[in-house]
Amino acid sequence: MSTSARYWREIPQRYRLEAAKCRKCGKVHFPPRVICNTCRGREFEKVVLPDAGRLLTHTVIRIGPSAFSNETPYAMGIAELDGGVRLTAQIADVEFDELTVGMPVRIEFRKLREEGEAGILCYGYKFVPAR
Amino acid sequence: MRDVAVIGVGMQKWGELWEKSLRDIFTESALLAIDDAGVDHIDAMYVGCMTSGLFVGQEHLGSVMADYLGVAPIPSVRVESACASGGVAFRQAFIDVASGVHDIVLAGGVEKMNDIDGGGATHALSTAADAEYEVYHGVTFPGLYAMMAVDHMHKYGTTRDQLSHVAVKNHRNGSRNPLAQYPYELTLEQVAGSLLVADPITILDCSPITDGAAAAILCPLDMAKRLSKRPPVKVLASAHATDTIALHSRPDISWLSAVEKAGEKAYKAAGLGPKDISFVEVHDCFTIAEICAIEALGFFERGKGGRGAESGETAVGGRIPVNPSGGLKSKGHPVGATGVAQVLEVVKQLRGECGGRQVKGATIGMTQNMGGVAGSCAVHILGSV
């Protein structure tokens with residue numbers, strides 16, 4: 001369970017897909033890093049990830065964590081966005097037998113989960129099929 | 001650097017050990033190892049454990065275990081590297097002895113996973129993945145390995161049947177290991193037809209939730225004969241490597257780079273190659289993990305690991321026996337103990353004590369123990385003296 005401070009801290013990535021582009025080698029890091037793991041550069045500029053990409057792999061989580069008991073089963077995948085950044089997210093609005101490697105997806109802003117007794121609503125990105 | 005030997009090992013049957021506590025199971029295995037070596041004291045101790053804080057609410061295991069083993073005030077510390085905690089604890093003990101800091105060192109591993117419910121265990125294990133960018137979105141460990149399996153199947157044509165063959169082979173080996181949690185055989189149909197956990201991973205592709213411990217006693221090779229009547233087994237190489245925490249950060253989703261790097265370092269240190277290894281204990285937390293591990297260690301070409309169990313090459317009696325102990329699949333996977341139990345199997349195999357699962361003529365054994373989706377990996381090579 002996260003504290004509200006932690007949730008707030010992660011909003012730039014979860015809500016707005018803010019990434020960090022290394023000024024030295026140009027590699028885009030999502031999430032942002034303090035030091036580039038490719039060229040060890042330490043200066044970055046803020047960039048926003050594109051919202052289109054393709055699925056590299058996928059699965060359907062049928063036995064899920066208790067935090068997602070209301071959503072189970074749900075599809076998940078790793079997508080490579082245009083420009084090369086890869087990330088993991090749920091795949092919404094998809095029939096499980098539609099899932100294929102290479103499938104075009106785009107990112108949408110969705111509710112992800114509720115946290116804690118007070119039920120903080122947590123939002124973030126999910127993939128949806130790009131039809 | 002001094003040459004290092006293992007002179008004693010200990011482990012009790014793994015399973016759902018309701019009547020025993022975390023400290024009980026560690027202490028019993030540690031005593032078996034001390035008795036096996038025949039030593040009258042130890043100088044230091046390393047305790048591999050992934051997350052006793054989440055499983056049973058106990059941290060500070062260095063003190064707990066030294067106290068209950070009756071060896072305080074010797075230096076004792078808990079080592080954490082997720083599911084590689086045991087392998088890394090063994091490596092810390094090796095470095096301790098090799099460097100000359102201590103002479104007789106105990107490397108142990110332990111996990112008590114059944115004292116919380118399934119949801120709690122899933123949560124505890126998930127802390128080995130990226131909390132902010134994987135687990136937050138609902139991924140589980142079966143889910144991560146399932147995505148590796150889908151990638152491997154897509155790129156190389158690996159089949160559902162080949163995954164099942166890994167489970168069938170490891171359970172056949174485990175059925176001959178009296179300490180295994182699930183010492184019974186499975187059929188291909190049972191594995192493929194069991195409950196789907198994360199497509200295409202079924203419950204019988206997964207290693208189980210296990211309570212268990214294991215321990216080993218290390219000392220300088222030149223002191224081994226004086227200290228112990230047991231035939232010493234020499235540690236020929238100890239290697240460790242890391243990789244990105246998130247699976248999605250890797251250029252190749254089903255290639256275990258940390259396993260490859262640790263394997264390369266170990267081969268170089270020992271002056272050996274894959275062809276010199278008599279058998280290997282790999283980290284088959286899921287069936288696909290064994291397939292990826294035997295590729296990364298150089299026993300099979302990239303993409304061809306799926307043929308290993310299917311063709312019989314990885315069976316006991318095959319070209320390169322993999323997991324003669326039954327592996328994590330059949331023997332069980334108390335996460336912090338697994339890496340030490342792999343060493344124990346190698347030592348027992350090299351002493352010729354493995355009965356129906358004995359690899360005949362074995363002189364050199366390897367262990368591969370990884371944390372998370374191989375964000376960390378320890379590889380050891382041990383040989384008869």
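This is a predicted model: local features need pLDDT of at least 70, side-chain atom pairs count only at pLDDT 80 or more; totals for chains, interfaces and linings use all residues.

Let me start with the interface. Chain A contributes 34 residues, which are in contact with 27 residues of chain B. Between the two chains, about 2700 Å² of area is buried, and carbon and sulfur atoms give 58% of it.

Turning to polar interactions, 14 residue pairs are in polar contact between chain A and chain B, counting pairs with both residues at pLDDT 80 or more. On the side of chain A that touches chain B, the elements giving two or more residues include the helices α1 (4–9) and α2 (11–16) and the strands β4 (52–61) and β5 (74–81). The largest share of that side comes from β4(A), with six residues. By class, the side of chain A that touches chain B holds 19 nonpolar, eight polar and seven charged residues.

How many salt bridges does the rule find across the interface of chain A and chain B? There are two. In a salt bridge, the side chain of Arg6(A) meets that of Glu132(B), at 3.8 Å from N to O.

I now move to chain B itself. Helix α4 (residues 85–99) packs against helix α14 (residues 338–351) of chain B, with axes 5 Å apart and an angle of about 65 degrees. The two helices, α4(B) and α14(B), are therefore roughly perpendicular to each other. Gly86(B), Gly87(B) and Phe90(B) of α4(B) meet Gly339(B), Val340(B) and Val343(B) of α14(B). This contact of α4(B) with α14(B) comprises three nonpolar and three polar residues, and no charged ones.

Key: Residues are numbered from 1 along each chain as its sequence is written. Chains are lettered from A and ligands numbered from 1 in the order in which they are written. Side-chain values use heavy atoms; hydrogens and water are left out. Axes are lines fitted to C-alpha atoms, for helices over the stretch in contact, and angles run from 0 to 180 degrees between N-to-C directions. Helices (H or I, at least four residues) and strands (E, at least two) are DSSP runs, numbered from the N terminus. Angles under 35 degrees count as roughly parallel, over 145 as roughly antiparallel, 65 to 115 as roughly perpendicular and the rest as oblique. Contact means heavy atoms within 4.5 Å. Ala, Val, Leu, Ile, Met, Phe, Trp, Tyr, Cys and Pro count as nonpolar, Asp, Glu, Lys and Arg as charged, and the others, Gly among them, as polar. Buried area is the accessible area (1.4 Å probe) that two parts lose on being put together, summed over both. A salt bridge is a side-chain nitrogen of Lys or Arg within 4 Å of a carboxyl oxygen of Asp or Glu. A polar contact is a pair of N or O atoms within 3.5 Å; within protein, one must be able to donate a hydrogen and the other to accept it, and residues adjacent in sequence count only if both atoms are side-chain atoms.
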